[in-house]
Amino acid sequence: EQQIVKPPVNSLVANQEDAVASTGAKHSGRRRYSSRRRRSRRRRTRRRRNRKARRGRKRRRKGRRAARRSRKGRGGGRRRKGRRKGRGRRGGRKRRRRARKSGKNIKLKRVGKSVCGGLRFDKDATPNARRGKRWVQCYIDQRDSKDKQDLKCSALVEKAQVCKGLGGVTRYGCYHGKTGKKKGATYASNGKGNRNVVQRSCKANVQNAVSFHKEKFDGGKTTFGICVRCKQTACWCKTPKKSRAIECLDGSKRSCGKQKCIKEGAFKKHEYVLACKAAGKILKTVIVKTGFLPEKISWKIMKRKGRHTVCKSKPYDKWHSKIKEDVTRCRLTPGVTYIIQCRDRFGSGWA
């Protein structure tokens with residue numbers, strides 16, 4: 001008789017697990033686990049993208065609201081096509097800032113006196129910060145003579161020889177104020193206490209037929225502000241000993257380079273060269289020694305910046321001679337660097 005021996009349960013289970021592992025039947029369970037992980041990764045990515053898109057939409061919505069509010073504050077609803085830039089409060093601020101930078105206010109007393117003539121000059125006033133360019137603030141007060149006080153503003157400007165040597169006065173305005181603790185139109189105030197004499201007087205055709213006596217304040221302390229604008233731009237030597245620079249009332253600056261400013265006070269803008277003196281000698285004559293075929297040689301003087309031709313030589317025809325040529329026609333500016341270029345048509349060069 002054959003005896004059937006049953007293996008123990010634990011060993012049977014172990015053998016089954018080995019068989020499954022060897023056949024690879026458990027691989028399907030591992031595949032299900034990896035696909036689950038991929039799905040969860042996709043879900044997380046999708047959520048992240050949606051969150052980012054929501055944030056972007058919120059940011060754009062907020063920006064649109066702010067733009068709408070700012071347009072409403074400027075007095076405009078929806079922005080129209082072809083609307084001019086600079087309209088409204090923001091544009092006004094930009095224009096005012098630009099005017100402040102462009103204007104040049106005179107601070108030197110001797111320059112102000114040369115522009116104001118027989119009137120007093122207010123060096124603390126900044127008319128160009130408020131009213132464009134080239135305005136100069138002058139004034140008279142209770143210290144001046146009765147003859148000046150009796151004259152109308154137009155007659156006073158003419159008699160005081162304002163803008164003498166600068167083409168005369170083109171525009172001017174006048175305005176009254178009460179003299180402050182400090183003398184000048186800057187510190188003078190009107191009846192309400194506002195210091196606006198400079199601002200009101202620096203306008204064309206303001207109270208031109210009015211005299212000093214029209215308005216009288218307490219104690220007879222009255223300042224009559226007269227703001228003038230010359231026909232030609234006034235320039236002056238800022239610091240002759242230090243920077244040697246020339247400044248003009250319209251804000252432009254010119255330097256003398258290696259020159260010394262010798263003229264003090266105001267002068268016309270196109271005459272700035274006359275206010276400087278060269279430190280060295282100016283080229284007046286050129287000596288050319290000719291040899292064989294002088295007809296082929298020539299020279300020209302150019303500016304270093306832009307290579308613009310200032311002047312050039314005349315044709316030569318004298319062989320083996322020494323020619324002295326006057327070059328004052330070139331009108332060379334002192335201190336400016338020039339380039340001289342010598343040419344030969346046949347390419348044999350200069351000796």
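This is a predicted model: local features need pLDDT of at least 70, side-chain atom pairs count only at pLDDT 80 or more; totals for chains, interfaces and linings use all residues.
Visitor: What is the count for residues 85-102?

Guide: There the model has 15 contacts beyond four places in sequence. The pLDDT of residues 85-102 also stays under 50.

Visitor: Which elements have the lowest and the highest mean pLDDT?

Guide: Helix H3, residues 89-102, has the lowest, at 48. Strand E1, residues 120-121, has the highest, at 92. For the chain, the mean is 77. In it, 75% of residues reach 70 or more.

Visitor: Why is Gln-207 called partly exposed?

Guide: Its relative accessible area is 24%. Buried means under 20%, and exposed means over 50%. The value of 24% lies in between, so Gln-207 is partly exposed.

Visitor: Where is Gln-207 found, and what is its phi?

Guide: Gln-207 sits in the loop between helix H7 (197-201) and strand E4 (222-230). Its phi is positive, about 50°, although Gln-207 is not a glycine.

Visitor: What makes His-320 count as exposed?

Guide: His-320 has 61% relative accessibility. Exposed means over 50%. His-320 passes that cut-off, so it counts as exposed. Its place is in the loop between strand E13 (309-312) and strand E14 (322-326). Phi of His-320 is positive too, near 45°.

Definitions and conventions: Residues are numbered from 1 along each chain as its sequence is written. Side-chain values use heavy atoms; hydrogens and water are left out. pLDDT is the predictor's confidence in each residue, from 0 to 100. Helices (H or I, at least four residues) and strands (E, at least two) are DSSP runs, numbered from the N terminus. Contact means heavy atoms within 4.5 Å. Buried means under 20% relative accessible area, exposed over 50%, partly exposed in between (1.4 Å probe, protein chains only).
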